[in-house]
Structures are given as structure tokens and as C-alpha cells.
Amino acid sequence: MHIAEGFLPAEHALGWTIAAAPFVVHGARAVVKEVRENPESTLLLGAAGAFTFVLSAIKLPSVTGSSSHPTGTGPGAILFRPPVMALLGTVVLLFQALLLAHGGLTTLGANAFAFAVVGPWAGYAAYRLTRGAGAGLLPAVFAGVALADLATYVTTSLQLALAFPDAESGLAGALLKFLGVFAVTQVPLAIGEGLLGVLLFRVLTVNARPELERLGLLKPVPVAAGGAA
Amino acid sequence: MTRRTLVTALLVLAVVALFAVPLLLDGGTSEYGGTDAAVTEELEADGYTPWVDSLFSPAGEVESGLFALQAALGAGVLGYVLGLLRGRRSATPAVAAGAGDR
């Protein structure tokens, strides 16, 4: 999903930077607010950032014969709502743009919009809808984490199609072409990432139960000796 | 083996299989090039020239090292937090929550 340095025309690069900037600024404020009001959140915030750091560094093979990397932005969006991931995701992208020549500064806005804004929001929406439909925490985590991954790559395809519409088939043709490169390869990766998210939350439900209850992901269990119902 | 451990093992196995099976079935015919690079190659073939170059482009081996560093930093912090949370739970005996844990 990294659009390489210089590969978006200047006006597109500028447009996406302007579009992503308010989300990142709002995200930075959300992180500061969370840490200030709930210092005990710092640990899980670190875990959410660390999860996206690991997953976005690992390129995995896919059924299409190409490889791609997961995003890891889902768990943070589910735990702390999407704004915090706008900051954490952009930090990851900045690291990769500066040190790894992966992505770039001119395309940072577009990449942040796909990776740190659309991905987390799509994942969070999928999580909420699945929970709202009556599913438990873990199935909803799977849906949210997998969709955050997939939505990022669909957004990248759309950004490229907008910048490089096909000479004959126009925007739709270009979108299909880029989706063909990104989206199909990404499906098994998204499923794998969803399963990793489930593994992570299985550990958290046991070891970070107070945090998950405070964040509203789990209902508090009536403490022993309380009235049975 | 408790049911919980079994489910964890199966989940891990599923993740490994998901990426190992395509590799094995493929039998070494695919290059497994990155999708990001595939797109830039396609655009360059269509005549697009990037208007800015990366400030710093690490050579191949250095690049894989830096990717490994990124993964290591993430995995280190994640392991630290999960270990700390687990230690905290074992240190507080009377937390009755978390049914079915070991």
C-alpha cells in the first residue's frame, strides 16, 4: 500500500496531505488526552503501536505469487477508537519513508490517509457492526482487524486510479487494474491478520480484563458473592 | 491439554498454514515480488517518471536489516507489554475474572 516517493503527481500529493493532516493532528490530541486522563492506558497504547510496527514490517507470500504486508492498525482502532491510529500509523509510515525508502514524504499524506485513517475507521466500523449484530468480542475483532487491512489496500488502489486513470477505460478501468494487483493478494493476508488479532485479544481478555472493561469492550463480570442473576 | 491451549495452537497453525501452503503448492515458480514495487514498475513502463527521489535509499542487505529492526522493535515492545500484563495478573491472586485460564 506504500505509494513510492514521487509517484503521485504534485497536486494529488498535496491534496491527500491536506486531507490527512487534520486526522493526524486530531489523532495526536486523542493520544495525549488518553494518556493524560487514563495513564493506565499507556501500556495498551504501546501494544497497539507495537502491533502495527511489527505487522507492517513483514512481507508475506500470497496465493497470487506476489507478496505484500499486513497493516496491524485494527487492534488499536478497536481498543482506543480510530483517531489514535491516525497518529500511530503515520509514525510507522514516517519511519519507513525516511529509513527504508518505502513510501515517501511526498506520498506520506496519501499513504497515511489509506493506512492510518481509512483502514482504522473501516475496521472499527466492521467491529461495531459485527458486535451490534450480536457477535461476541473475538468474531468482531476478526472482522475489524481483517477489514482494516483490506480497506487500506482498496484505498491505495483508488488513490492510484484517481492519479492514473486508464486512457480508454478511465477511472473504473484503472481501479480494476490496481485492485487486481493489490486487493486479491491482500485477501489471505487480511484473513491471517484477523486471526493474529484474535490471538492478541485472547491474551488481552485474560490478562488485561480491567482495561478492556474500562474501554467498554467487555462487560464487567459481577464480582463473586454478588447477587446472582 | 486444556481446550484453551488447543484453540490457541489451532489458531497459530492456521496462520502458518495460510502462508506456508501457497508457498509449497507453488513449487518455486513465483518470484513473490512486492505489490508496491509491481505498481511502480507498471507506472514507469507506461512512461511515468517520479518527480522526487527518496532522501535515503538503503542498499538491499541494509534494507532487510532495517525491516528486521522495525519488526524487532515492535515485537519487543509487544512482548514487554503482554509479559507485564501477565505478570500483573499472576501477582494479584484474587482476580476471579478470565474463566478457563491456565
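Modeller: Two residues are in contact if their C-beta atoms, placed from the backbone, lie within 7 Å. The model is a predicted one.

Colleague: By that criterion, what is A:L147 in contact with, leaving aside its neighbours within four places in sequence?

Modeller: A:L147 is in contact with A:A122, A:G123 and A:A126. Each of these pairs therefore has its C-beta atoms within 7 Å.

Colleague: What share of the contacts in chain A with a separation of 6 or more is accounted for by residues 24 or more positions apart?

Modeller: Such residues account for 71% of those contacts.

Colleague: How do you know that the radius of gyration of chain A agrees with that of a compact globule?

Modeller: For 229 residues, a compact globule would have a value near 17 Å; chain A has 18 Å, which agrees. Along its principal axes, the C-alpha trace of chain A spans about 70 × 35 × 30 Å.

Colleague: What makes a residue count as buried, and how many in chain A do so?

Modeller: A buried residue has 20 or more other C-beta atoms within 10 Å of its own. Of the 229 residues in chain A, 58% are buried.

Colleague: Which residues have the most contacts inside the largest nonpolar core?

Modeller: That core has 85 residues, and those with the most contacts inside it include A:F51, A:F113, A:L147 and A:F178. Among the elements that each supply at least two residues are helix 5 (108-132) of chain A and helix 3 (60-91) of chain B. Helix 6 of chain A gives the largest share, 15 residues.

Notes: Residues numbered from 1 in each chain as written. Chains lettered and ligands numbered in written order. Predicted model: local features only at pLDDT ≥ 70, side-chain atom pairs only at ≥ 80, totals over all residues. Rg over C-alpha atoms; globule rule 2.2 N^0.38 Å. Buried ≥ 20, exposed ≤ 12 C-beta atoms within 10 Å, placed from the backbone. Core = buried A, V, L, I, M, F, W, Y, C linked by C-beta atoms within 7 Å. Helix = DSSP H or I, 4+ residues; strand = E, 2+ residues; numbered from the N terminus.
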